[in-house]
Amino acid sequence: MPKTHINMYGGSPLNRLSWLRPSQAFLNAVVRLPSSRWLLFNSGQPLAASNKACLTRPAPVYLTTADVKPFLGPEPYFGQGKEPGELLVEKEGEEDGHDRHSPTESVRHIGPRVVFLGLHERQSNDSTSALPSSEFKDPEEAVKKLDGTLYFSVDVSDLNYTTDQLQDVLKETIPGKEGQVLDWVEPRALMSNLDGMTAAIFAEARSLTDWNVRNKFCPGCGSTTYSMWGGWKISCTSLLPWTDNSNRKPCPTVKGLHNFTHPRTDAVVIMIAIDETGNKVLLGRGRRFPGKFYSALAGFIEPAESFEDAVAREMWEEAGVHVWNITYHSGQPWPFPANLMVGFYARADSTKPIRTDLDNELVDARWFSREEVLAVLHHKAGTRFNRADYKKLNEITEGRSDTEDKAPLALAPAEATAPQSQPPTAPSESEEPPFRLPPVTAIAGVLIRDWAEGKISFPLEENAIQKGNL
């Protein structure tokens, strides 16, 4: 069986236990376990630890529930009643799945929104050791069957702490190791220091906490919202049983299942075009990033469009290139804030003109030979990006509106240079590379490297070559 390529942020090891999210008995039982661990965020920036003495790179910190308790507010943390400290009495049927649309399932409307990420099992559970929701009628007995670590996350940005106050709370509650420094860091700066498991858990936590922080008002009626299902659903406060809805129209969310109450993932196609010989690849340089950074082309999926449709459309709109033989490579969750990058490669005719004047997304696009690309990949600075680059990327991508750039920018730019009039040539180790490429922590870098190393290709076409769009 062919091996599936797993990109960074993918391949999550967690059993998400999605059927238990509506159970406040389950969530309140497991959040108290000493083995439960938390990732802490502040406006999307994770809390990370580094050791200044030995110049270690920052890495996410896993905290206990006791560590984060000052940020969570009063118990119960789930199934909250009208007043702080009050446990909501569940209706019959809510815990066994018979009332899946109740507005009070694991309700959390007091304190910052908490996200339940899932269980990292010590051993892969089979069907006989699964945890049905019915077992949590007696949560004290049910949690005894858990064999592993449960993960949660929370963003503290809504608590109105000053920076100094927040640091004081961290120092008081979180036992640090000698020489360890805790600080909030730009999330992309962690990319080169995450193992596969940590990266996947981080991606889930970052996307879900971001979604909860951003969606504070109901799209149906404009009322404030609250969290349900361990941070996996958002509901309108007009649905809470104690809300006074006199003299107002019912919110549209009163009936039916509404997609805007569930976490959002935006699909993006990201792709390279390979010419008929197989020895050239088409790459582009974004208009918003003057410099020497070239990458795969990308764009958001539009309504009533397949992945293949989007690849063909984006290639034409951004570079004036028609493609065919569109082939799937792999996908990558991209938690900045919540995208799914879907990677493809396709054939194109390198003798046809390139046009970047259609949608003006790119400042340049060109065909690179395999030798040029390999020379940059092997150069020590060919795929290097520093913390300042990642910070700039964060300011641009997360501060823009949905109508600006059509796709998330997978990486930061290299330093600015004048536009090149001639194709770059292979660099030597003693000089700067003539252009830069994304590292393999991003799917763009994986696509480019796999092509350059001969891992993806097309059968050689004989005689006629199809030249049309899909």
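This is a predicted model: local features need pLDDT of at least 70, side-chain atom pairs count only at pLDDT 80 or more; totals for chains, interfaces and linings use all residues.
**Exercise 1. Find which residue lies over the face of Trp229, and at what distance from the ring centre.**

Solution. Lys233 lies over the face of the Trp229 ring, 4.8 Å from the ring centre. Now go to a second ring, Phe336: here the charged end of Arg188 sits over the ring, at 4.2 Å from the centre.

**Exercise 2. Describe the aromatic pair of Tyr9 and Phe336, and say where its members are in the chain.**

Solution. Step one is to know what to look for: two values, the distance of the centres and the angle of the planes, describe a pair of aromatic rings. The count of aromatic pairs comes to 16. In the pair of Tyr9 and Phe336, the centres are 5.9 Å apart and the planes make an angle of 75 degrees. Planes over 60 degrees apart count as edge-to-face, and this pair is edge-to-face.

Step two is the position. Tyr9 belongs to the segment before α1, while Phe336 is in the loop between β12 and β13, so the pair links distant parts of the chain, 327 residues apart.

Step three is burial, for which the cut-off is under 20% relative accessible area. Tyr9 has 3% and is therefore buried. Phe336 also has 3% and is therefore buried.

Finally, look around the pair: Tyr9 and Phe336 form one aromatic cluster with Phe41, Phe202 and Trp334.

**Exercise 3. Work out why the pair of Phe368 and Phe435 counts as tilted.**

Solution. The ring centres are 4.6 Å apart and the planes stand at 35 degrees, so the pair is tilted. Phe368 lies in strand β14 and Phe435 in the loop between α8 and α9, so the pair ties together parts 67 residues apart in sequence. Are these two residues buried or exposed? Both Phe368 and Phe435 are buried.

**Exercise 4. Find which strands pair with β9, and in which sense.**

Solution. Begin with β9 itself, residues 266–274, where 7 of the 9 residues are buried. Then take its partners in turn:

- β13 pairs with β9 in the parallel sense over 9 bridges, and Ile274 stands opposite Arg347 there.
- β11 pairs with β9 in the antiparallel sense over 4 bridges, with Val268 opposite Phe300.
- β10 pairs with β9 in the antiparallel sense over 2 bridges, and Val281 is the bridge partner of Ile274.

Last, follow the chain from β9 to β10: the two form a hairpin with 5 residues between them, and Gly278 in the turn has a positive phi of about 85 degrees.

Methods:
Residues are numbered from 1 along each chain as its sequence is written. Side-chain values use heavy atoms; hydrogens and water are left out. Buried means under 20% relative accessible area, exposed over 50%, partly exposed in between (1.4 Å probe, protein chains only). Two strands pair if DSSP finds at least two bridges between them. Rings of Phe, Tyr and Trp (its six-membered ring) pair if their centres lie within 6.5 Å; planes under 30 degrees apart count as stacked, over 60 as edge-to-face and the rest as tilted. A charge sits over a ring if NZ of Lys or CZ of Arg is within 6 Å of the ring centre and within 35 degrees of the ring normal.
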